[in-house]
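Here are my notes for a first look, written as numbered points. Have the model open while you read, and take the points in order.

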Amino acid sequence: MIVLGIETSCDETAAAVVNDKREVMSNRVLSQLDDHRPYGGVVPEIAARAHLEHLDRLVAEAMDDAGVDFADLDAVACTGGPGLIGGVMVGAMTAKAIAFATQKPFLAVNHLEGHALTVRLTDDVAFPYLLLLVSGGHCQVLIVEGVGQYKRIGTTIDDAVGEAFDKTAKMMGLGYPGGPALEKTAESGNPDRFGLPRPLRGRPGCDFSFSGLKTAVRTYLDGFPIEQQTAEVKADLAASFQRAVGDTLIDRTRNAIFEFMRDYPTGKTLVLAGGVAANKYLRTRLTELTDQAGMTLVAPPLELCTDNAAMIAWAGLERFRLGQHDDLDFKPRPRWPLDPEAPKRPGAGVKA
């Protein structure tokens, strides 16, 4: 079984081919960082135009890399949401056109489910497992019972953790993209220098909050005249921020582990997914937590943490071999919760 996947939810244009032997036959990703860097963040209209300009070529290259023709495909999958709606529409229309022209089944994949199921492609992780999904737009803890079966037990009540990284880096003048720049800056810093808050630490539940942490960074920066914001100060502040994020994630995830192991005693895996999963410091902290809890931390390789089409192709394949597919009148969705029954949260939580 061979599936073509297309990903256009934000600022990566991607196409990939995977098969049911868990082989990534090709995986093309075109980053738009240079297009958005002058603005310090993703500009939706620029992103959509870049997808439109480059997607056809990337699909052709992915097919060539895989050594297959359209006739060899069993299905065509694309990100159907959530994401920047202009980009999602570009990918969906391209996938629909290919599916229609080749008379292949079409699958609209939830972008978050792509992240959630990637470890089944890379590590063949069995259900159920606990998922910590951390990215620029999302910060959630979910119990993954099966394909399309998700129970959300925690989410952000304001900002996503990746958003906090990016905006903190921007305040500190570390460049774009902010998350990797802040992680690199923190390597030489003293994490004990600045006393930043640990939002919600010690409280019941599994929800997250990062808005106050960003504000605390702003307060410290305002206390230093611009000429005193040296490389050392920035490194120490970055390290202090990263440790505060790590402490917060550990505290909230520990609560989630207790809840998961209580209700799913056979589940022994914590999966870390999403763009922030590429942060090596956070991986180390979470590995220590799972070791203490008698669980195993599994995270995709770094190149499959950030947005890519291999995860979309694989999620489509998982759905397709269960007999699922979508009609060509599917409407792209800017919001698409994995657990629509989960209670709503204020702020960023409604994106979950």
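1. Where is Ser135 found? Look in the loop between strand E6 (129-134) and strand E7 (139-146). Helices and strands here are DSSP runs numbered from the N terminus, with helices being H or I of at least four residues and strands E of at least two. Ser135 is buried, at a relative accessible area of 12%; buried means under 20% relative accessible area, exposed over 50%, and partly exposed in between, with a 1.4 Å probe and protein chains only. Leaving aside its neighbours within four places in sequence, Ser135 is in contact with residues including Ala160, Val161, Gly162 and Glu163, and also with Gly274, Gly275 and Val276. Contact means heavy atoms within 4.5 Å.

2. A word on the model itself. It is predicted, so local features need pLDDT of at least 70 and side-chain atom pairs count only at pLDDT 80 or more, while totals for chains, interfaces and linings use all residues. Residues are numbered from 1 along each chain as its sequence is written, and side-chain values use heavy atoms, with hydrogens and water left out.

3. Back to Ser135, which also turns up in a record. The UniProt annotation "binding site", from an unreviewed entry, covers Leu133, Val134, Ser135, Gly136, Gly137, Asp166, Gly179, Glu183 and Asn279. From this set, Ser135, Gly136, Gly137, Asp166, Gly179, Glu183 and Asn279 belong to the lining of the largest pocket. Positions from UniProt follow the numbering used here, feature names are shortened, and annotations may be inferred rather than shown by experiment.

4. Now that pocket. The largest pocket has a volume of about 1500 Å³. Of the 44 residues that line it, Cys10, Asp11, Gly136, Gly137 and Asp166 are the closest to its centre. For the terms: on a 1 Å grid over the protein atoms alone, a pocket is an open set of points where a 1.4 Å probe fits, with protein on both sides within 12 Å along at least five of seven lines, and lining residues have an atom within 4 Å of a point. Grid points are joined across faces, edges and corners, and the volume is the space filled by probe spheres set on the points.

5. Which helix gives the most to the lining of the largest pocket? H5 does, with six residues. Strand E3 (24-31), helix H4 (111-122), H5 and helix H6 (178-186) each supply at least two residues. Asp166 has its place in helix H5 (residues 161-171) and is partly exposed, with a relative accessible area of 34%.

6. Why is strand E4 (residues 75-81) largely enclosed by the rest of the structure? Seven of its seven residues are buried, so the rest of the structure largely encloses it. E4 pairs with strand E1 (residues 2-7) in the parallel sense over four bridges, and Gly5 stands opposite Ala77 in E4. Pairing requires that DSSP finds at least two bridges between the strands. Strand E5 (residues 106-110) runs parallel to E4 too, joined by five bridges; there, Phe106 is the bridge partner of Val76.

7. E4, helix H3 (residues 85-102) and E5 also make a right-handed β-α-β unit. Right-handed means that, with the strands pointing away from the viewer, the path from the first strand over the helix to the second runs clockwise.

8. Some backbone details to check. The peptide bond from Phe127 to Pro128 is cis, with omega near -5 degrees, and Pro128 lies in the loop between H4 and E6. The bond from Tyr176 to Pro177 is cis as well, with omega near 0 degrees; Pro177 is found in the loop between H5 and H6.

9. Two positive phi values also deserve a look. Arg22, in the loop between strand E2 (12-19) and E3, has phi near 65 degrees, though it is a residue other than glycine. Leu200 is not a glycine either and has a positive phi of about 70 degrees. Arg22 counts as partly exposed at 32% relative accessibility, whereas Leu200 is buried at 19%.
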